[in-house]
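Please open the structure in the viewer and follow the stops below in order.

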Amino acid sequence: MILTLLSAAQFLLALDYSIVYVALPGIARDLDLDLAAAQWVVSAYAVPFAGFLLLGGRLADRLGPGRLFLGATLLFGAASAAGGLAAGGAVLLAARGVQGVAAALLQPAILGLLGSRFPAGPARTRALSVWGAVGASGLAAGVILGGVLTRYTWRWTFLVNVPVTLACTAGAAAWLLSATRAGRAEPGPLAPALLGTGAALGASLGLTLGGPPGWALVALAAVLLALTRPPGPRSLRVGAAAAALYMASVGSEFYVVTLMLQDRDGYSPLRAGLAFVPLAAMVTLGSSLTGRLVRRFGAPRTLAGGFALAALGLAWLAVTAQPALLISGLAHGIVYTSMFNVGSRDVPAAQQSSAGAVMTTAQYLAGAVAVAALTLPLRHGAYGPAFWATAAAAAAGALVALRRPAGD
């Protein structure tokens with residue numbers, strides 16, 4: 001039941017990540033927003049999400065991931081309701097900001113519960129496989145459901161979260177509140193998390209703003225990052241690097257393919273969403289297979305093989321779409337699940353939430369950089385170079401995964 005609950009919460013976060021993209025034109029029309037303001041509907045969520053993950057991880061370690069899960073889920077549901085009922089752009093952007101903060105608290109709580117309730121080894125590998133498969137299906141469901149709901153009103157893309165959060169809240173009250181402050185004396189000091197939060201906020205906001213003010217924030221973020229302590233075991237550093245390269249490779253595939261289908265091929269939002277069904281099915285299959293692959297080959301080799309397969313599929317996408325989408329989708333599922341397996345395995349149970357926050361922060365900051373870099377060729381319709389760039393990131397991920405300590 002706990003795994004079902006955590007998977008449902010991950011489905012919610014994945015759904016909300018992708019569902020809003022197809023709703024942006026309707027939001028802009030109804031609330032009289034120009035294009036720049038409409039883009040902040042995405043950024044108002046992404047900046048606090050990436051920025052507060054490290055603080056969320058430390059709070060989960062200190063307060064207990066079960067308690068934080070309950071509070072963050074309630075906050076996410078309330079913000080979703082406010083966004084769906086918003087009468088103006090300012091209210092909607094504020095609601096999206098609160099959604100981002102709630103997601104930054106909820107994600108490390110989910111990862112902390114996975115790491116503490118399922119011990120390292122086969123149990124955690126199976127749990128991560130199920131969790132990853134459900135989360136991957138949420139990404140695809142967001143694109144498809146967004147296309148369906150926006151045919152009626154964009155408001156349903158927010159209100160659809162409310163019943164899911166209510167169900168997760170009831171489940172948390174029943175099954176997770178017994179997860180008291182595990183490892184109460186073990187979590188590290190709060191100061192490094194605050195410095196890391198400042199660095200992540202500065203980097204994410206700077207990359208979003210761009211220009212001289214944006215680069216000044218990025219430089220400040222680099223200074224703050226230099227003042228923080230390096231993350232714990234080597235496996236966590238490998239996991240964080242893999243998470244960053246995942247987002248720069250198959251993690252950016254949805255973005256590039258969506259633009260290719262709608263801008264180049266003239267697909268409607270609904271048709272584009274339906275075109276992702278085979279890709280999403282392969283992502284889910286890859287996540288489901290990861291447990292068996294890890295048991296047979298080990299987590300680092302599985303991660304390296306997933307990245308190598310991703311490089312092949314993404315390079316093939318530069319030439320043709322259909323078979324390459326299936327290959328890259330399978331690789332996507334393998335990489336996503338195995339990178340968390342690698343990153344969390346040597347981390348103490350009391351610090352699993354912080355470890356998950358480190359990896360997720362690396363993931364989303366890398367995503368911001370990747371989108372900014374990929375936008376340059378995509379502005380000119382150069383989809384081939386964009387896919388080659390993502391393939392290069394996947395190849396780099398395979399090399400990072402293979403550089404493991406002896407005995408892995």
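Next, switch to a cartoon of the entire protein. The protein contains 19 helices and 0 strands. Its radius of gyration is 20 Å, close to the 22 Å that the globule rule gives for 408 residues, so the protein is as compact as a globular protein of that length. Along the principal axes, the C-alpha atoms occupy a box of roughly 55 × 45 × 45 Å.

Then colour the residues by relative accessible area. Of the 408 residues, 53% count as buried. For the contacts, consider pairs of residues at least 6 apart in sequence: 84% of these contacts join residues at least 24 apart.

Finally, colour by pLDDT. The mean for the protein is 85, and 92% of its residues reach 70 or more. Select helix α16 (residues 299-317), where confidence is highest, at a mean of 96, and then helix α10 (residues 190-209), where it is lowest, at 74. Move on to residues 179-185: the pLDDT here is below 50, and the stretch has 13 contacts in the model beyond near neighbours in sequence. Where pLDDT is low, predicted coordinates should not be read in detail.

Note on methods:
Residues numbered from 1 in each chain as written. Predicted model: local features only at pLDDT ≥ 70, side-chain atom pairs only at ≥ 80, totals over all residues. Heavy atoms only, no water. Helix = DSSP H or I, 4+ residues; strand = E, 2+ residues; numbered from the N terminus. Rg over C-alpha atoms; globule rule 2.2 N^0.38 Å. Buried < 20%, exposed > 50% of the residue type's maximum accessible area, 1.4 Å probe, protein only. Contact = heavy atoms within 4.5 Å. pLDDT = per-residue confidence, 0-100.
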